[in-house]
Structures are given as structure tokens and as C-alpha cells.
Amino acid sequence: MRILLVEDEPEMASALRTALGQRGMVVDHVASLAEGEEAIAAGVHRAVLLDRNLPDGDGLDLLPRMRARKLAAPVIVLTARGDIEERIAGLDTGADNYLAKPFVIDELLARLRAVLRRLAEMAPDPLRIGRFEFDWHNRSASVDGQPFDLPRRELLVLESLLRRHGRAVQRATLEEAVYGFDDEIQSNALDMHVSRLRRRLSNAGAELEIHGIRGIGYLLKRAA
């Protein structure tokens with residue numbers, strides 16, 4: 001799960017990145033309104049944790065910009081401005097949840113699970129391609145009804161390819177789906193993930209093929 005954290009307090013940001021990272025989440029951290037707007041434009045995050053008191057403005061200003069781009073990632077506002085009027089303003093502006101500082105990390109995680117559950121309920125029906133099926137709700141795959149388990153980054157590659165199956169997906173799009181902003185990406189890292197994924201699909205008899213397209217990226221389609 002990839003989360004965007006918009007927070008200008010270094011200690012708070014570091015604590016949240018550590019806590020969420022320990023729970024298997026990829027956390028991209030930015031510290032300003034401008035950086036937050038640039039980050040959300042990528043459209044790769046499952047949820048946004050948003051501080052209000054940013055050096056270049058109110059974090060709430062991001063919300064109408066997100067909705068204008070039709071970005072559906074739920075937003076939890078994290079702020080020291082916890083008065084009822086402030087919470088109402090945040091929710092009315094478009095936040096999905098509001099948590100006043102200081103807070104307990106377990107409560108944040110519970111609220112994060114709650115907003116993601118609501119998002120999952122709106123997920124499309126499972127995608128079936130021949131013998132292969134992908135459940136968007138649970139983000140799980142199967143072949144002939146048998147679980148098809150993958151390491152996290154290979155799963156992210158597969159999910160991104162499935163969203164555009166039958167069409168070419170640019171390398172940059174795949175890298176945005178797989179790596180955090182601070183990850184060091186080796187030049188052949190994506191190719192290695194695709195190679196392993198291709199081999200796993202073949203070994204499982206999934207009847208799916210991943211084709212490399214020179215100068216563009218990759219395309220996933222049902223095997224002929």
C-alpha cells in the first residue's frame with residue numbers, strides 16, 4: 001500500500017514513516033503544499049495523510065484540486081487545529097477523516113483501514129482473463145481458483161499492467177506504481193521484477209504474457 005504523507009514537521013514525519021513502514025506500507029513524504037500537489041498528480045497513492053499547517057498554505061487547499069483531477073484516494077487530515085469548527089471545515093472541504101494531534105498511531109491505523117474499506121467497497125468486479133483472476137477488493141490473484149501469491153513489488157507491477165491490460169504501459173508509469181520517491185532505482189530493477197513475474201505467470205499456467213515494447217514499456221495480454 002502506497003501512502004502520501006504531507007507533513008512539514010520532521011520528527012512527526014519520521015515517526016509516521018517508521019510506524020507505517022513497519023506495517024508494510026510505502027510512504028512518500030513531502031513537506032509543502034506545492035510538493036503535495038505535484039505528488040498527488042501522479043495518482044499512485046492509495047491514501048493521503050495531510051497536515052494543515054504547511055509552510056506555503058493550508059493543507060485543505062489540496063482537497064478541491066484532488067477532486068478536480070478526479071483522484072479518489074481518501075484523505076485523513078492530521079492537525080493540531082482540532083476545534084469542532086476546524087474539523088467541520090476539513091470534512092466539508094472534502095476530507096474523509098480528521099484526526100487531531102497528538103494522536104495514538106493505532107487510532108490512525110484504524111481510521112486508515114476504515115477509509116480504505118469504503119474505497120474497496122467501490123472496487124470493480126474481479127478481472128478474469130482466461131484461467132487468471134484478480135480481485136481488486138482484496139488485491140489478490142488466483143489461477144484456476146488457486147492462490148497466486150507474489151512479492152509486494154511484483155504484485156504492484158502486475159496490478160498496474162492489469163489496469164491497462166491489452167495496452168502498452170510506459171516504464172515511468174510502472175516505476176511510479178512500484179517505487180517510493182526516496183527509493184534508489186537501479187537501471188534494470190524494473191526489468192528484473194517483470195522477468196520474475198513473467199516466469200511466475202508461466203510456471204502457474206496463467207496463460208498471460210508480458211511483452212516488452214522497445215522505448216515504451218510493457219504490455220500484458222492473454223496468451224494466444
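**Exercise 1.** At what angle do helix 6 (residues 152-163) and helix 8 (residues 189-203) pack, and how far apart are their axes? Classify the arrangement and describe the contact.

*Solution.* The model is predicted.

Step 1. Two packed helices are described by the angle between their axes and the distance between the axes.

Step 2. Helix 6 and helix 8 pack at about 85°, and their axes are 9 Å apart.

Step 3. Angles of 65 to 115 degrees count as roughly perpendicular; helix 6 is therefore roughly perpendicular to helix 8.

Step 4. Helix 6 contributes Arg153, Glu154, Val157 and Leu158 to the contact, while helix 8 contributes Leu190, His193, Val194, Arg196, Leu197 and Arg200.

Step 5. By class, the residues of this contact comprise 5 nonpolar, 4 charged and 1 polar.

**Exercise 2.** Determine which geometry the aromatic pair of Phe132 and Phe148 adopts, and locate both residues in the chain.

*Solution.*

Step 1. The count of aromatic pairs comes to 1.

Step 2. The ring centres of Phe132 and Phe148 are 6.3 Å apart, with 80° between the planes. Planes over 60 degrees apart count as edge-to-face, so this pair is edge-to-face.

Step 3. Phe132 belongs to strand 9 (residues 132-135), whereas Phe148 lies in the loop between strand 11 (146-147) and helix 6; the two are 16 residues apart.

Step 4. Buried means under 20% relative accessible area. Phe132, at 1%, is therefore buried, and so is Phe148, at 10%.

**Exercise 3.** Is His45 buried or exposed, and which side chain does the side chain of His45 join in a polar contact?

*Solution.*

Step 1. His45 is located in the loop between helix 2 (33-40) and strand 3 (47-51).

Step 2. The relative accessible area of His45 is 9%, so this residue is buried.

Step 3. The side chain of His45 makes a polar contact of 2.8 Å with that of Asp28.

Note on methods:
Residues are numbered from 1 along each chain as its sequence is written. This is a predicted model: local features need pLDDT of at least 70, side-chain atom pairs count only at pLDDT 80 or more; totals for chains, interfaces and linings use all residues. Side-chain values use heavy atoms; hydrogens and water are left out. Axes are lines fitted to C-alpha atoms, for helices over the stretch in contact, and angles run from 0 to 180 degrees between N-to-C directions. Helices (H or I, at least four residues) and strands (E, at least two) are DSSP runs, numbered from the N terminus. Angles under 35 degrees count as roughly parallel, over 145 as roughly antiparallel, 65 to 115 as roughly perpendicular and the rest as oblique. Contact means heavy atoms within 4.5 Å. Ala, Val, Leu, Ile, Met, Phe, Trp, Tyr, Cys and Pro count as nonpolar, Asp, Glu, Lys and Arg as charged, and the others, Gly among them, as polar. Buried means under 20% relative accessible area, exposed over 50%, partly exposed in between (1.4 Å probe, protein chains only). A polar contact is a pair of N or O atoms within 3.5 Å; within protein, one must be able to donate a hydrogen and the other to accept it, and residues adjacent in sequence count only if both atoms are side-chain atoms. Rings of Phe, Tyr and Trp (its six-membered ring) pair if their centres lie within 6.5 Å; planes under 30 degrees apart count as stacked, over 60 as edge-to-face and the rest as tilted.
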